[in-house]
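Please study the sequence and the model shown below. The briefing that follows treats aromatic rings, strands, nonpolar cores and confidence in turn.

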Amino acid sequence: LFRSDKEELEEGIVMQFTGLKDKNGKEIYEGDIVKHPEDGLFWVQWYHDRWEVFKKLNNISFDGRNLYSVSNILEVIGNIYENPELVNPPVEKGEG
């Protein structure tokens, strides 16, 4: 990554901000892992023209929910890049 003055910055992953915050006021980004108070861990992903949270139920089935309707009860606890062990592998972009 580079700043406007062309100084090299630390290598990293750019994540898209959803425009929403979790129950603690922390910004929610695509790829974040969020904790639902009753249903466990989900990851955040853009899917069919909206932000969704997903949980893999088995090899062919996912639980998906509209992020806008649940963001106020979720808590960001990590992301799929730094904490992949927290969730099953996410759906590839373009699937579904």
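F17 has a relative accessibility of 30%, so this residue counts as partly exposed; buried means under 20% relative accessible area, exposed over 50%, and partly exposed in between, with a 1.4 Å probe and protein chains only. Y29, at 25%, also counts as partly exposed. The model is predicted: local features need pLDDT of at least 70, side-chain atom pairs count only at pLDDT 80 or more, and totals for chains, interfaces and linings use all residues. Residues are numbered from 1 along each chain as its sequence is written, and side-chain values use heavy atoms, with hydrogens and water left out.

**Aromatic pairs**

- A search of the whole structure finds four aromatic pairs; rings of Phe, Tyr and Trp (its six-membered ring) pair if their centres lie within 6.5 Å, and planes under 30 degrees apart count as stacked, over 60 as edge-to-face and the rest as tilted.
- F17 and Y29 form a tilted pair, with 5.2 Å from centre to centre and 45 degrees between the planes.
- F17 belongs to strand β1 (residues 17-21) and Y29 to strand β2 (residues 27-29), so their pair ties together parts that are twelve residues apart in sequence. Here helices (H or I, at least four residues) and strands (E, at least two) are DSSP runs, numbered from the N terminus.
- The ring centres of W46 and W51 are 5.1 Å apart and the planes stand at 70 degrees, so this pair is edge-to-face.
- W46 counts as partly exposed because its relative accessibility is 39%, whereas W51, at 6%, counts as buried.
- W43, Y47 and F54 are linked into a cluster by ring pairs.

**The sheet**

- Five strands form an open sheet in the order β6-β5-β4-β3-β7, with antiparallel pairing; two strands pair if DSSP finds at least two bridges between them.
- The edge strands, β6 (62-66) and β7 (75-79), each pair on one side only.
- On average, neighbouring strands of this sheet are turned by 40 degrees against each other, direction ignored. For such angles, axes are lines fitted to C-alpha atoms, for helices over the stretch in contact, and angles run from 0 to 180 degrees between N-to-C directions.
- Strands of a sheet pair through backbone hydrogen bonds, either parallel or antiparallel.

**Strand β3 and its partners**

- β3 (residues 32-36) pairs with β4 (residues 40-47) in the antiparallel sense over four bridges, and the two form a hairpin with three residues between them.
- V34 has F42 as its bridge partner in β4, and H36 has G40.
- β3 also pairs with β7 in the antiparallel sense over four bridges; there, N79 is the bridge partner of D32.
- Four of the five residues of β3 are buried.

**Nonpolar cores**

- The largest nonpolar core has eleven residues, among them L20, V34, F42, W51 and V76; such a core is a set of buried Ala, Val, Leu, Ile, Met, Phe, Trp, Tyr and Cys residues joined through side-chain atoms within 4.5 Å.
- β4, β5 (50-56) and α1 (67-70) are the elements that give two or more residues to this core.
- A second, separate core of five residues includes I33, W43, F54 and I80.

**Confidence**

- The chain has an average pLDDT of 82, and 76% of the residues score at least 70; pLDDT is the predictor's confidence in each residue, from 0 to 100.
- Where pLDDT is low, the predicted coordinates should not be read in detail.
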